[in-house]
Amino acid sequence: MKKSALIAIIGFLAILCFGLIVLDTKLFELKVILEKRKVLNFSFSSDILRSKFESILSNKENLRAEMNLNNLQSSLIESDGLPSFQTTFWQNFGSGLINAVRFLTGKPPIHFELNSSNIRALERAFRLERNQAYKDAYNTYSETLSLFPEGSEESGFILLHQGFCLAAQGEFDAAIKDLQKVLEKNPGSSFANDAEILTGVILKSKENTKEIEANFDSPEAKIRAYFAKGNYAKVLEEGAKIELHSAEMKYLRAYSHEKTGNQNEAIGEYAKLAFSDKDKEIAIKANRRLLMLGHYYNAGSEIARISDKNAERLGDVSEANVIRSSAEKLKHFEEEPKNTKESDSSKENLKAPMQEVIANSEAFLKKAEAEAKAAEIRNYIAVHISGAPPVYGERILIDGDRTKLFSTHFPITLPTYTIQSITLEKKTVRNSKLKFVKDSKSIPFQKAIFEDDQSITLIENKTQKKIDLTSSITIELSK
């Protein structure tokens with residue numbers, strides 16, 4: 001009887017001891033889960049990745065949406081102040097009991113440790129992805145994958161984002177293989193759901209490729225079609241087949257370089273378009289991409305500085321201010337990694353090719369500034385438009401319904417019917433006059449008035465001469 005009671009007491013104490021060990025282990029697991037959710041917002045990452053998919057499909061250059069997405073991404077993984085949680089002997093013993101039961105019931109094991117250095121390695125890879133350095137990001141994700149248990153949230157996150165990095169570079173078949181691993185190793189998770197979505201996007205893109213190849217013949221037509229579908233790798237493939245002449249096509253190539261992770265090539269192309277006086281609309285678009293690369297995508301402070309300065313020349317200061325102020329929120333969340341191989345090698349790789357780009361851009365800005373100062377003492381043709389301030393130039397070409405005004409920088413095209421008169425904006429240091437040129441004949445005048453019957457009246461002192469605008473005419477400044 002006494003022996004039975006002793007056995008019962010020992011059994012009770014053993015059960016109580018095991019129960020306390022398991023309880024302590026479960027409480028520790030809960031603590032790790034709560035701490036991990038503070039640092040790794042995986043459910044939020046799925047929403048962000050879906051937004052990325054949508055941006056690829058829609059191919060809308062929406063700077064504000066892009067900035068908002070980047071600010072959200074920068075707070076997705078926050079490892080600052082993250083402690084390392086290591087299990088004790090009794091917690092390891094408890095986890096062994098729990099995982100033994102889970103094994104017998106066919107459930108995957110659970111893991112109780114949270115290593116801050118591993119999380120920071122994951123954060124580095126994600127930062128590279130956010131900065132559009134997809135090749136480096138993929139390699140860093142690959143190195144990080146072995147740090148986390150198979151089937152864990154972290155490994156699911158890594159495999160999914162590896163697939164995205166490959167897809168962004170146009171390596172669709174390799175991307176699908178990584179996404180299939182997500183479906184196999186993280187079934188039923190949000191990562192598996194996103195892997196299915198991205199796989200569908202890739203397969204749709206491959207179908208679009210067949211349609212474009214069947215329906216378009218010229219490389220330029222294919223470039224526009226691929227760009228509209230967000231297939232930037234194919235844009236670059238077609239662009240390599242021909243020499244691109246127009247600023248628009250060069251911009252599409254530069255943007256495609258950027259979105260496939262070729263940052264150096266993109267910056268070089270953008271700079272040639274932005275620091276130019278040939279096409280103002282494209283110059284502004286290219287300079288905005290340089291602003292984004294400099295302020296948001298880690299292209300460096302020099303790129304940010306020269307694109308800020310160029311925005312002043314282009315009259316795009318307000319947009320530059322929006323990008324700069326929005327990027328300050330990003331820097332509040334995220335600081336550059338210190339003493340890492342990735343940052344050192346990236347800076348070194350960027351430094352050499354960018355030196356020439358920055359030097360050429362600086363030279364262009366100095367020349368433009370000198371021309372602007374010289375323009376302050378020039379005489380100009382003043383074109384007076386109904387309901388608007390005058391516009392100024394050095395030469396005017398009137399060709400039917402269209403009038404082109406040539407200035408120091410970009411030509412301006414105006415509807416001829418909106419022009420009321422033309423006068424001379426005179427500086428005291430210069431003694432130029434207006435000159436009407438048609439069929440190799442020139443007529444000096446002081447003022448020109450545009451009539452309703454598609455004619456122009458030239459006024460010189462007290463004389464007037466009416467001329468029909470039936471053929472192209474030029475108005476210049478006499479030397």
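This is a predicted model: local features need pLDDT of at least 70, side-chain atom pairs count only at pLDDT 80 or more; totals for chains, interfaces and linings use all residues.
The end C-alpha atoms of residues 156–189 lie 9 Å apart, and the span is 79% helix and 0% strand. Helices (H or I, at least four residues) and strands (E, at least two) are DSSP runs, numbered from the N terminus.

Residues are numbered from 1 along each chain as its sequence is written, and side-chain values use heavy atoms, without hydrogens and water.

Now to a helix pair. Helix H10 (residues 219–228) packs with helix H12 (residues 247–259) at an angle of about 45°, their axes 11 Å apart. Axes are lines fitted to C-alpha atoms over the stretch in contact, with angles from 0 to 180 degrees between N-to-C directions. The crossing is left-handed: the near helix is turned anticlockwise from the far one by less than a right angle.

Which residues of H10 meet H12? Glu220, Ile223, Arg224 and Phe227 do, against Glu248, Met249, Leu252, Tyr255 and Ser256 (contact means heavy atoms within 4.5 Å). By class, five residues are nonpolar, one is polar and three are charged.

Side chains of opposite charge can pair when their charged atoms come close. Here Arg224 and Glu248 form a salt bridge (2.9 Å, N to O). The pair links distant parts of the chain, Arg224 in H10 and Glu248 in H12, 24 residues apart. The whole structure holds 19 salt bridges, each a side-chain nitrogen of Lys or Arg within 4 Å of a carboxyl oxygen of Asp or Glu.

Technical notes. Ala, Val, Leu, Ile, Met, Phe, Trp, Tyr, Cys and Pro count as nonpolar, Asp, Glu, Lys and Arg as charged, and the others, Gly among them, as polar.
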